[in-house]
Amino acid sequence: MNETIREHSWIPLVLVACASFIITLDSTFMNVSISQVVADLNTNVTTIQLIMSFYTLITAAFMLLGAKLQDIVGKKKLFLIGAVLYGIGTSTAAVSQSDTMLFIGWAVIEGVAGSLMTPATVSIISGTYSGEKRTFALAIESVMVALSAAIGPLFGGIMTTFLSWRYGFACELIVVVFILVMHKKIPDFTPTESKDDLDITGTIISFIGLVLFVLGILMLSEDTITSIVVIILGIIALTIFSSFEIRRKRKGKVPLLDMDLFKDKNLRIGSTIILLSYIVMGGGLFVVSLFLQTVLNLNAFDTGLTTLPLTVGLLIFSVAAPSLTGKLSHKTIMAIGSVMAIIGCVILGFQFKMDITMLDLMPGMFIVGSGIGFIMALSMDIALINIPDESQNNASGITTTYQTLGESMGTAIIGIILVLGVIWGTVYAVDLYAPEHLYDEQVYQDVFDYFQKVGNIDEIKSENSTVVNAADIIIQESMGFVMTITAIIMAIVFALTFRLDDNKIKRP
């Protein structure tokens with residue numbers, strides 16, 4: 001390996017961070033462009049949402065395979081193969097003339113490419129940098145993922161409003177070209193295994209398990225009972241996979257995933273913190289964006305501007321976190337971040353009303369983003385800190401799988417919480433303003449259907465004061481409930497930070 005590159009250059013970090021950015025951006029920027037895509041491709045909303053879901057599904061399902069292929073192909077070579085595939089996929093998506101073409105380019109090709117590149121980004125960083133530089137590099141990689149998720153709606157709003165959603169994919173292609181042009185700046189890593197070591201059976205079982213689990217999560221808001229059954233089947237398949245991998249290693253064969261890695265406390269807890277943080281990040285952005293567009297009636301661009309304080313807080317505090325590790329431990333900084341995020345959630349819990357403005361939400365958004373920035377900046381580093389070099393590829397597959405699951409689970413889980421909040425808010429509002437209809441199931445069904453269709457709140461404002469007051473209570477109760485649950489999730493993260501061990505992390 002070129003020691004000059006290893007010790008002094010940040011170019012490898014820039015390249016892999018750019019890859020992380022566009023991979024996550026792909027799952028968020030099209031959320032505000034759905035109606036235009038439907039019109040351009042002469043399709044329907046359900047089909048486009050399905051394509052978006054399959055992108056996440058395919059990326060997550062192949063993640064463990066992507067991590068293992070690093071040992072067989074080499075992490076740099078695999079990363080570049082993924083980049084080439086991603087370029088082909090995003091080019092196909094940009095010029096799509098039908099929903100089928102968009103599905104192949106975006107969901108299939110880019111999804112597979114993302115599963116090859118994502119684990120490699122973390123392991124390339126771990127293999128290139130050490131000490132404080134490693135902490136900083138992993139923080140930047142993590143924040144690029146979070147930032148792309150946060151600014152995705154704004155980016156998509158700008159593209160759709162002023163240009164076309166196709167330019168979003170074109171911008172990603174430019175990033176891919178940059179990565180490929182500069183690829184020689186990434187250090188070479190020698191493969192440690194042969195293709196004969198690939199665990200085909202384990203790959204198939206893990207694929208089935210992850211597909212079922214993620215698919216069940218994505219179906220939560222559509223068919224709860226069926227989704228729970230699918231999730232359980234996925235968990236059963238993943239349990240079978242775990243048992244198979246343990247037996248395979250005992251027989252002296254190379255497993256797809258070394259289950260012994262989970263004996264490391266930091267990897268277990270750190271990965272869980274990553275999962276929960278991304279659930280809060282992704283799910284919180286979803287419900288806040290929904291509120292901004294339905295209650296405040298903001299367009300995609302203004303919605304992105306309103307959530308910008310979260311992005312700014314995330315960036316500032318995640319960049320600051322590594323420099324603070326010389327004075328405070330990783331887990332102390334992450335615990336402080338958890339408290340900040342909880343405070344932000346509590347503040348936001350009292351803000352969601354029909355008569356608020358964009359400015360009312362910004363302080364809470366900034367505090368939440370700042371707290372999550374502290375957590376995301378250091379969670380990856382502390383999760384991998386005790387993992388030996390020969391197991392870094394495998395461990396990176398675990399952490400990035402948890403990260404991807406958090407991204408995909410966030411919208412679905414927080415969406416279900418929002419629905420529960422709407423139900424409770426409706427009961428409260430009906431009991432307060434129309435007690436004679438307290439046991440009228442049709443009233444609850446009408447309210448539920450309205451919110452399911454994301455009806456514009458301006459339609460309600462034209463009604464009488466009782467309807468407006470009832471709607472205001474439903475909004476306050478439902479959004480307040482979501483913020484309460486997200487605060488509870490962050491409290492769990494706070495508790496988990498104290499179980500981390502960072503005594504082995506070298507300090508200046």
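Modeller: A residue is called buried if its relative accessible area is under 20%, exposed if that area is over 50%, and partly exposed in between, with a 1.4 Å probe and protein chains only. The structure is a predicted model in which local features need pLDDT of at least 70 and side-chain atom pairs count only at pLDDT 80 or more, whereas totals for chains, interfaces and linings use all residues. Residues are numbered from 1 along each chain as its sequence is written, and side-chain values use heavy atoms, with hydrogens and water left out.

Biologist: Why is Gly 202 called buried?

Modeller: Gly 202 has a relative accessible area of 0%, which is under the 20% limit, and therefore it counts as buried. This residue is found in helix H10, residues 200-218, where a helix is a DSSP run of H or I with at least four residues, numbered from the N terminus. Gly 202 and Ser 242 are 40 residues apart in sequence, with their C-alpha atoms 8.8 Å apart in space.

Biologist: What makes Ile 488 partly exposed?

Modeller: The relative accessibility of Ile 488 is 45%, a value between 20% and 50%, so the residue falls in the middle class.

Biologist: What makes the pair of Phe 494 and Phe 498 edge-to-face?

Modeller: Their ring centres are 5.0 Å apart and their planes stand at 80°, so this pair too is edge-to-face. Phe 494 is partly exposed at a relative accessible area of 30%, whereas Phe 498, at 51%, counts as exposed.

Biologist: How do you know that the charged end of Lys 75 sits over the ring of Phe 189?

Modeller: A charge sits over a ring if NZ of Lys or CZ of Arg is within 6 Å of the ring centre and within 35 degrees of the ring normal. For Lys 75 the distance to the centre of the Phe 189 ring is 4.7 Å, and Lys 133 lies over the face of Trp 10 at 5.8 Å from the ring centre.

Biologist: How many cavities of 30 Å³ or more does a search of the whole structure find?

Modeller: The search finds three; a cavity is a set of points on a 1 Å grid over the protein atoms alone where a 1.4 Å probe fits but cannot get out, and its lining residues have an atom within 4 Å of a point. The largest cavity holds about 140 Å³ of space and is lined by 13 residues, with Ile 23, Thr 24, Thr 59, Thr 404 and Glu 407 nearest its centre. Helices H2 (11-25), H4 (45-61), H7 (99-128) and H17 (392-433) each supply at least two residues of that lining. In H2, twelve of the 15 residues are buried, among them Ile 23 and Thr 24.

Biologist: Which residues lie nearest the centre of the second largest cavity, and which helix gives the most to its lining?

Modeller: The second largest cavity, with about 120 Å³ of space, has 13 lining residues, of which Val 280, Gly 284, Leu 285, Leu 310 and Val 368 lie nearest its centre. Helix H12 gives the most to the lining, with five residues.

Terms used: Rings of Phe, Tyr and Trp (its six-membered ring) pair if their centres lie within 6.5 Å; planes under 30 degrees apart count as stacked, over 60 as edge-to-face and the rest as tilted. On a 1 Å grid over the protein atoms alone, a cavity is a set of points where a 1.4 Å probe fits but cannot get out, and a pocket is an open set with protein on both sides within 12 Å along at least five of seven lines; lining residues have an atom within 4 Å of a point. Grid points are joined across faces, edges and corners, and a volume is the space filled by probe spheres set on the points.
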